Amino acid sequence: MMEVSASNGTVLIVDDTPGNLALLSDTLSEANYRVLVATDGCSAIEQIQYVKPDIILLDVMMPGIDGFETCSRLKADPATAPIPVLFMTGLSELDDLLRGFGEGALDYIVKPIRPAEVLARIEVHLTQSRNLRRAESLLDHHDFAAVAVDAAGGIVWLTPAAREWLDDFAELQEGGAQHTADKLLPESMRGWFQRWLRQSWRSEVAAETEAHRLAPGFALRVGACQNPDEYLLLLQREDAQWTPETLRDKLKLTFREAEILMWIARGKTNKEIGIILTTSPRTVNKHLEHIFEKLGVSTRAAAVAMVLQRG
């Protein structure tokens, strides 16, 4: 029985010229790509709602909405924005390519189409796109808390774990004061960062520093950042040496409530605690409700703050 090798990926070709579609489709199929075809921008956008390609080859000049408008609409939709787009254009249209890059395209292929070039460009961009998605998935689903900021403490980028860290820090340090985690560091943390910048020579900023304790349970390191005028803050939860027995006695909790609170204080989610304690996230949440009631608090951060104060 002949083995069927896995596809190299799915490519959507958007072109209104039958000859181009035939050449590209044959070239990609022979290279073990799954091929989707659309003859105009509207049908391409509609088709993507059902099957998302790994990469799009998009003709610039088409009837109806042209390639620029098609690309713009794809990049405006969070569901399709990450898909890499390569424009296909004639030599006479090269002057328009700057507009294409402005709409979010990554690269272009000049007609007449040369199969070897098409395959090489697709392979390069698919590899980069997949590596980026792997990195994003790792950051989104793990407890790596990092935030990139500018010299004013404005947030340029952060991971989901960093957003949770900043929210908990702001609630603990600033009495629940509102802050915009996507725009600025919490006020007290921003003040620390400004003082640190004033004390540091610019040549030393690129090197990683020792951990700085900002508050009980919260510490950070300033890490190396490759982008100029940006600083990478690596956020840490201090691992206090609590045990369920000590928390139970100090806070008058049951042993299971003390276990859950201990893991909450160490930054674990309900799902993670459920796995650790071999129970369901819903059960963990019910215990949390009892913990909040006994401690007279209403949030996880406030419960952790009480643990830190009595730890």
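Which residue does the UniProt annotation "modified residue: 4-aspartylphosphate" cover? According to that unreviewed entry, the answer is Asp59. Let's start there, keeping in mind that what you're looking at is a predicted model.

Find strand S3, which runs over residues 55-59, and you'll find Asp59 in it. Is Asp59 buried or exposed? With a relative accessible area of 3%, Asp59 counts as buried, because the cut-off for that label is under 20%. And who are its neighbours? Leaving out residues up to four places away in sequence, Asp59 touches Val14, Asp15, Asp16, Gly67, Met88 and Lys111.

Now hop over to helix H7, residues 187-199. At 1.5 Å a residue, its 13 residues should span 18 Å, and the end C-alpha atoms sit 19 Å apart, which agrees. Some of H7 is tucked away: Met189, Trp192, Phe193, Trp196 and Leu197 are buried. Look down the axis of H7 and these buried residues fall within an arc of 140°, so they line one face of the helix.

Last stop: a pair of helices. Two packed helices are described by the angle between their axes and the distance between the axes. For H10 (residues 255-265) and H12 (residues 281-295), the axes come within 10 Å and cross at roughly 95°. The two helices are therefore roughly perpendicular to each other. On the H10 side, the contact is made by Arg256, Glu257, Ile260, Leu261 and Ile264. H12 brings Val284, His287, Leu288, His290, Ile291, Lys294 and Leu295 to that contact.

Terms used. Residues numbered from 1 in each chain as written. Predicted model: local features only at pLDDT ≥ 70, side-chain atom pairs only at ≥ 80, totals over all residues. Heavy atoms only, no water. Helix = DSSP H or I, 4+ residues; strand = E, 2+ residues; numbered from the N terminus. Expected span 1.5 Å × (residues − 1). Buried < 20%, exposed > 50% of the residue type's maximum accessible area, 1.4 Å probe, protein only. Arc of directions from axis to C-beta. UniProt positions renumbered as here; feature names shortened; annotations may be inferred. Contact = heavy atoms within 4.5 Å. Axes fitted to C-alpha atoms, helices over the stretch in contact; angles between N-to-C directions. Parallel < 35°, antiparallel > 145°, perpendicular 65-115°, else oblique.
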